[in-house]
Amino acid sequence: MAGEAFQTSVVGSWPRPDWLLDELRRKNDGEMTYDEFSEKADEAVLLAVKYQEDAGLDFITDGEQRRDSFYSFVVDKLDGIKLMTMADLMDYIKDKSRYEQMLRARDVPAYAIRTPVVVDRITKKRSLALDELQFLRKHTKKKIKVTLPGPYMLTRASWIEPLSMKGYDSREELGKEYVKLLREEIIQLRDAGASFVQLDEPSLTEVVYGEASMQTFMCAVITSKVEPKEELTFATELINGAVQGIAGVKTGLHVCRGNWSRKEETLLSGDYGPLVKYFQQMKVDQFVLEFATPRAGSLSVLEGLSSGGKELGLGAVNPRTDAVETPEQIASRVREAMKFFDSSHICLNPDCGFATFAETPLNTPKTAYRKLLAMTTAASELRKPMEGRVLLERPPR
Amino acid sequence: MSTTELNGLSLTKLQELVGAATKDPESAAPLNKWNARVKWKGGFKSEAYVREHSFRSDEPSTLTGANTAPNAVEYVLSALGGCYVVGFVLNATKRGVKVDDLEVVVEGQLDNILTFFGLSDKGHPGFREIKVKLYARTKADKKTVDEIWKDTIATSPVGNTLSRNVTVVPEISVTR
């Protein structure tokens with residue numbers, strides 16, 4: 001699926017305007033329908049598209065403007081699943097003191113964190129992201145990237161046994177339901193013109209590093225402790241079930257270490273090493289990974305991944321900082337990646353979204369735009385010496 | 001939403017209460033007195049009986065308890081948080097402000113736990129400082145919310161108990 005070297009895109013989300021957040025709150029309070037809200041969000045999407053186009057990105061997303069967060073938005077699209085606050089779920093949380101520590105570290109009330117919870121058999125009200133794609137197609141001629149929460153993330157976050165047993169006998173059965181749903185969605189998105197579908201699976205790092213860190217993903221707190229090997233095998237099966245054999249659209253998997261705060265110390269740390277052998281088994285085209293933050297460790301652990309022909313979506317800018325990376329800094333990081341991946345297999349993106357959770361944007365649109373501009377400048381500089389040459393050239397080790 | 005109800009409180013009942021107390025302050029006198037009876041249940045466990053309610057107290061395993069319930073100092077912190085919740089909702093309702101969500105986080109620092117064990121005579125075993133943070137979700141403007149919060153703190157019975165050093169009158173009765 002690789003094409004021109006150093007293709008650029010955002011990971012997904014873009015900071016929402018304040019007026020849109022007001023409308024989002026109204027929708028979440030039941031004061032308007034999803035369709036009414038979505039119509040208002042059109043204007044915000046156009047703004048997000050404009051910034052991305054002006055920055056010169058190769059792939060455009062809708063900035064996830066219609067979404068409450070990268071995964072909780074599914075409640076607008078599915079029946080049998082509802083948005084519950086962590087305060088609502090307090091009684092079901094097994095390790096309450098760990099949960100309390102996390103809330104304190106994040107300085108947030110439990111009512112502010114919402115997660116989708118399966119409370120019945122899931123049925124589709126509407127496609128997960130087809131409306132987003134269709135609107136984008138009317139307003140950009142660029143290639144379109146659509147992000148979807150991965151099947152493991154959805155299963156892990158939404159399975160609250162006492163509530164979810166009404167719809168499914170087990171977490172595994174629920175996982176299969178998500179696989180079926182996402183597979184249909186990816187095919188539908190491809191047929192409607194999406195060029196790139198990215199599954200978000202940030203909690204994979206929590207499986208390997210969550211216990212070592214005091215701070216972790218909220219969804220992980222609800223469930224009991226997990227055995228990493230078993231859990232990663234389960235995640236791999238689900239991801240492959242969703243993407244395997246689907247041709248005609250680039251598929252990607254985004255894995256980061258949390259993106260809820262600018263306080264780097266509250267996010268997970270550790271390299272991708274323990275995940276690589278599972279990445280090698282995953283049938284996606286591209287791994288969209290963090291590397292702008294030192295918490296992500298060394299690129300060298302990915303060496304085994306490049307031999308399988310996988311693409312790297314290299315995290316080139318940190319979405320959580322005010323300082324804008326220079327094109328030279330980005331190019332230097334790319335050259336490091338070129339030791340392990342062919343140039344044609346390297347794409348550039350920020351480490352994660354600029355506003356993964358609607359209410360807690362991590363940057364202003366202006367700074368985010370400047371970061372994207374630095375990224376596209378670096379990409380075009382990096383392409384220059386290759387013009388007229390074989391792009392698959394790999395620098396000496 | 002009913003016009004006679006705000007924040008889950010009956011405005012009619014609230015007005016009746018305020019009206020009666022304004023007209024006859026003595027009618028509020030019974031509300032000045034509160035009671036609890038606490039029975040030992042073995043180990044560090046105890047059960048508190050309060051009107052038609054009861055709740056257990058225990059110590060965590062780190063203090064050789066069975067960790068079946070919160071301990072007494074945690075109840076103090078919870079009581080303070082609960083009191084601020086009541087006060088905030090009352091003061092908001094009085095102003096006609098709708099509260100969409102409310103949460104209070106309380107964190108207490110004991111002066112010196114070693115004095116509780118009899119291992120030190122420095123300081124005391126009580127709380128030296130208690131930090132309270134209230135999270136509210138409401139459409140009210142900041143000035144109004146600040147006023148509600150200020151009134152909540154000023155009129156909190158538990159807050160005042162802690163900050164004004166209440167006189168404790170101990171007595172013991174032994175049977176054989």
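**Helix packing and contacts between domains and chains**

Helix α2 of chain A passes helix α4 of chain A in a right-handed crossing, that is, one in which the near helix is turned clockwise from the far one by less than a right angle. The model is predicted, so that local features need pLDDT of at least 70 and side-chain atom pairs count only at pLDDT 80 or more, whereas totals for chains, interfaces and linings use all residues. Residues are numbered from 1 along each chain as its sequence is written, and chains are lettered from A in the order in which they are written.

Helices here are DSSP runs (H or I, at least four residues), numbered from the N terminus. Helix α2(A) spans residues 34-55 and helix α4(A) residues 130-139; the two pack at an angle of about 50°, with their axes 11 Å apart. From α2(A), A:S38, A:D42, A:V45, A:L46 and A:V49 meet A:D131, A:F135, A:L136 and A:H139 of α4(A), contact being defined by C-beta atoms, placed from the backbone, within 7 Å. By class, this contact has five nonpolar, two polar and two charged residues.

In chain B, the domain assignment gives domain 1 (35-70) and domain 2 (71-163). The C-alpha centres of these domains of chain B lie 22 Å apart. Five residues from domain 1 of chain B and five from domain 2 of chain B take part in their contact.

Between the chains, the contact takes five residues from chain A and five from chain B. The chain A side comprises four nonpolar, no polar and one charged residue.

Methods. Axes are lines fitted to C-alpha atoms, for helices over the stretch in contact, and angles run from 0 to 180 degrees between N-to-C directions. Two residues are in contact if their C-beta atoms, placed from the backbone, lie within 7 Å. Ala, Val, Leu, Ile, Met, Phe, Trp, Tyr, Cys and Pro count as nonpolar, Asp, Glu, Lys and Arg as charged, and the others, Gly among them, as polar. Domain bounds come from an automatic or database domain assignment.
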